[in-house]
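Welcome to this guided tour. Open your viewer, get ready to select residues by chain and number, and follow along one stop at a time.

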Amino acid sequence: MAKGKSLRIGAGIFVAMIILLIGFIGVFNVTALSKAPDDTQPIMFRPDIITFDNMAAFGKLEKTKAIFLHDQHTDALEKKNKDCFVCHKTEDGRMSQKFMRLKDVTRGELTKIYCDNCTKCHKEMIAAGEKAGPVKCDECHKERPWIQSSRVPMGFDKSLHYRHYRAQENKCDRCHHEYDKKSQKLFYAKGKEGTCRYCHKEKTEGDGAEKVISMRFASHLSCVDCHQQMREKKVDAGPLRCAGCHDAKEQLKIEKVKHVPRLKRGQPDNVIIKTGDKKGRIARMERVPFDHKSHEEYNDTCRVCHLASLESCATCHSLTGPIKATKNGKEITLETAFHKHGHQSSCIGCHESKQQDKNCAGCHAFMTKTRQQESFACLRCHMIPLPERTGELSTTKAAKMARMMPQLWKETFGPIYKVNVPKTVVLRDLVNQYEPAEYPHRKVFDAMVKKMDDSKLAQYFHYDDTMLCLGCHHNTPAAGKPPRCANCHDKPFNENNLFRPGLMGSFHQQCLGCHQKMGVEKYLGCTSCHKERKKGS
Amino acid sequence: MSISRRKFLGWVGAAGLSTTIGKSATAATNKQFTGYPKSFAILHDTTLCVGCRSCEAACNKVNELPKPDKPFTDLSVLDTKRRTTTEAFTIVNKYDNPKDPKNPVFYKKQCNHCLEPACASVCFVRAFTKTKTGAVIYDSSVCVGCRYCMIACPFEIPTYEYDQVLTPRIRKCTMCYPRVIEGLLPGCVEACPMEALSFGKREDMIKIARERFRKHPDRYVDHIYGEHEMGGTSWLYISGTPFKELGMREDLGVTPAPQLTAGALSSVPMIVGLWPVLLAGIYAVSKRKEKIAQSEQKQALTSASDKEKPDESEIEEES
């Protein structure tokens, strides 16, 4: 009896201790920052890292992924006067990108191919008394965190395209092809050329005859193989080493053609973008005349706008959603496709990114980055056509089109700035520590007008002579006589106008903000605008 | 008698246990203090700050602090990273701007005036007060100079007048409490030409910050520093560069400082109350065991001697 009681009390004490312990652990739960492991090995950046993870297709990897430095091997072979075919087999005159095989094999075979061939060569070199790579499993299959990739993606820009076009004697079929499902063969379709990525995606898709290899495989298969063959024929050709294309410094060495002639693929000079879709639905907005030719000049590839194909926008996008259930164009209406903010492929998104330019940011950085609900700017694209009979421009069909074309915009509606801009404005509302500031109003205005000279885009959208004024005289009607700044900007931190800065804040934000954005370094200190006031005056 | 004592010990033990299990860790503080209603706050927009040091000059003037060696117009001071001192309640530091290297970022540092200040919670003489204006103010007349506040502050703000032999004080930003109760703006806010500092009700400052995020989503990191950090502060910050790059701590969490110690402190009365009882219980149990053992031994001895007695008598009889 007494024993049982003492046992119970003992258990009570034990439970109490546990609870106390838990409490204390909770208190000290403020965890200390774990120390980063310090690596003594200096980090090596290379553009030619290939990680062997082919085995991942068979399930869980048994060993750590091996890192292979391709250029290191290419260079070593070159020194021994050996070529690529030591490691790569050929089929139908084309070099396979796979190591010592032409087709995918089973897990066991794959292991054997890699282990046997790698170590065989390394062992031979070691036997000959040369420095060589690993011969044991764990020497390859180990973490090497000090080797990091500096690979940069390679693009085929307009200049490079033109150089290939020239070198291949205008034979587009050397690279461009389509796939014929019946004969299961690639063929060249004239006038149907597109960018590689329309078909060759990030990863290999499909299987068997329908297999479309990934962009990575396709580009290396075409580019490297062709360069290799050209070099064999002793013709000057592009890089063979990884670094040649994928190293940032090497990329800069690639020759650029300054004036690339326009690509010929039967595209129109001008397009009238309809606002309806293929199902016959209409948006009621006016159609948009679009200068296709000029826009080609501003972009490096068609893919900037034509995301998935070189067909018209309405092929994939409709007024109420997608026509083709494409992976990327899903649920994107025509309206979004043209107006989405922050997307390079939409009209507004791209134009907006142009506003980040130093010449434009002074005003545009202050403007709200969301769509204005009621905006007269809409009408600059969705133009109301001029009356039918406006002189000789309405006689032919072509001329009718031209009537709306941007080349003529400058002549017909180009900006002429005739506003009566005051020469100087003296800002004396806030005289306290400093003398009044003299603002060279006209000088600034003229400078802004001049900055638009080189930009067709700017000229087009700042069409009205009061348009430029709105940069500073915001939220007011575009007119020759805007209201004074102090009419709206009063004392700061007014609860009735929570988001409106006070007068001093608004002056400084506007002036300094613009100077910062436009890189005007002359006027950044206090006394560069207003002199310090002498005491007693 | 002995049974009832055992029962008594059992009851005490059970009562002690029930108190430990039943109480939550937040028992020592108010659940979640989200600041006095309509208290003020200051919003610092680092994207607007141009690093002119007008705020530093105004702070120096308002608080009647000694003139520094270099004048406030000397911007070379910004090249070194500084911290608050007993003679500078606020300082502006310059940081690289990876987005726009030509325009560095400036960050003004001073007391953040926490909604639940750590300095006030550790101060055993209550020298710190969180006022209804939002300001955390300090009363030097009661201060004993223990400097617990300096250790407690997660932002390392309070400074101590080590050079004052007789009357050393803790020095820090007062959020211009004396000016604010008179209806004036804090010195730094009034002086800021860029309106990079906004002053008003804390809710309104958060509204302003959100409006700026909405208008210029690409200009800001979508986070108001101080809205929830350490349970919220009366100084709020918005920035275009991650706060970590401005030397601001991002590891503080959203729990107010007093709550971090509430768990430990709540167990203090339990330990103080329960520990002696437990120890006394263990002592009593072992004592009792001893006592029983002793009495049993005694009983055994007496019973043994009872059996032996006839022998003795026999011997006596024989002799």
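## First stop: an exposed loop

Select Asp92(A), which counts as exposed because it has 5 C-beta neighbours inside 10 Å. Asp92(A) sits in the loop between strand E4 (90-91) and strand E5 (94-95) of chain A. Its phi is positive, about 50°, although Asp92(A) is not a glycine.

Before moving on, two notes on what you are viewing. This is a predicted model, in which local features need pLDDT of at least 70 and side-chain atom pairs count only at pLDDT 80 or more, while totals for chains, interfaces and linings use all residues. Residues are numbered from 1 along each chain as its sequence is written, and chains are lettered from A and ligands numbered from 1 in the order in which they are written.

## More of chain A

Now show chain A as a cartoon: it has 19 helices and 12 strands. Helices (H or I, at least four residues) and strands (E, at least two) are DSSP runs, numbered from the N terminus. Of the 537 residues of chain A, 8% count as buried.

Next, select Gln184(A), in the loop between strand E7 (178-180) and strand E8 (185-187) of chain A. Is Gln184(A) buried or exposed? Gln184(A) is exposed, with 10 other C-beta atoms within 10 Å. Its phi is also positive, near 55°, in a residue other than glycine.

Go on to Gly191(A), in the loop between E8 and helix H6 (215-232) of chain A. Gly191(A) has 8 other C-beta atoms within 10 Å and is exposed. Leaving aside residues up to four places away in sequence, Gly191(A) touches Arg265(A) and Gly266(A); two residues are in contact if their C-beta atoms, placed from the backbone, lie within 7 Å.

For a helix, select residues 107-127 of chain A, which form H3(A). Its 21 residues reach 30 Å from the first C-alpha to the last, close to the 30 Å expected at 1.5 Å a residue. That expected span is 1.5 Å times one less than the number of residues. After H3(A) comes Gly129(A), with a positive phi near 80°.

## Across to chain B

Switch to chain B, with 8 helices and 9 strands. Of its 319 residues, 36% count as buried. Among contacts in chain B with a separation of 6 or more, 65% join residues 24 or more positions apart.

Find the open sheet of 3 strands, in the order E8-E1-E9 (chain B), with mixed pairing. E8 and strand E9 (235-238) of chain B stand at the edges with a single partner strand each, so one side of each is left without a neighbour in the sheet. From one strand to the next, the twist averages 25°.

Zoom in on strand E1 (residues 40-45) of chain B, which pairs with E9(B) in the parallel sense over 4 bridges. Strands count as paired if DSSP finds at least two bridges between them. His44(B) has Tyr237(B) as its bridge partner, and Asp45(B) has Ile238(B).

What covers the faces of E9(B)? Both faces are covered: Trp235(B) and Tyr237(B) on one side and Leu236(B) and Ile238(B) on the other are all buried.

## Last stop: where the chains meet

Show both chains together: 33 residues of chain B are in contact with 30 residues of chain A. On the chain B side, the elements giving two or more residues are helix H1 (2-22), strand E8 (197-201), helix H7 (202-215) and helix H8 (257-318). H8(B) gives the most, with 9 residues.

Technical notes:
Axes fitted to C-alpha atoms, helices over the stretch in contact; angles between N-to-C directions. Buried ≥ 20, exposed ≤ 12 C-beta atoms within 10 Å, placed from the backbone.
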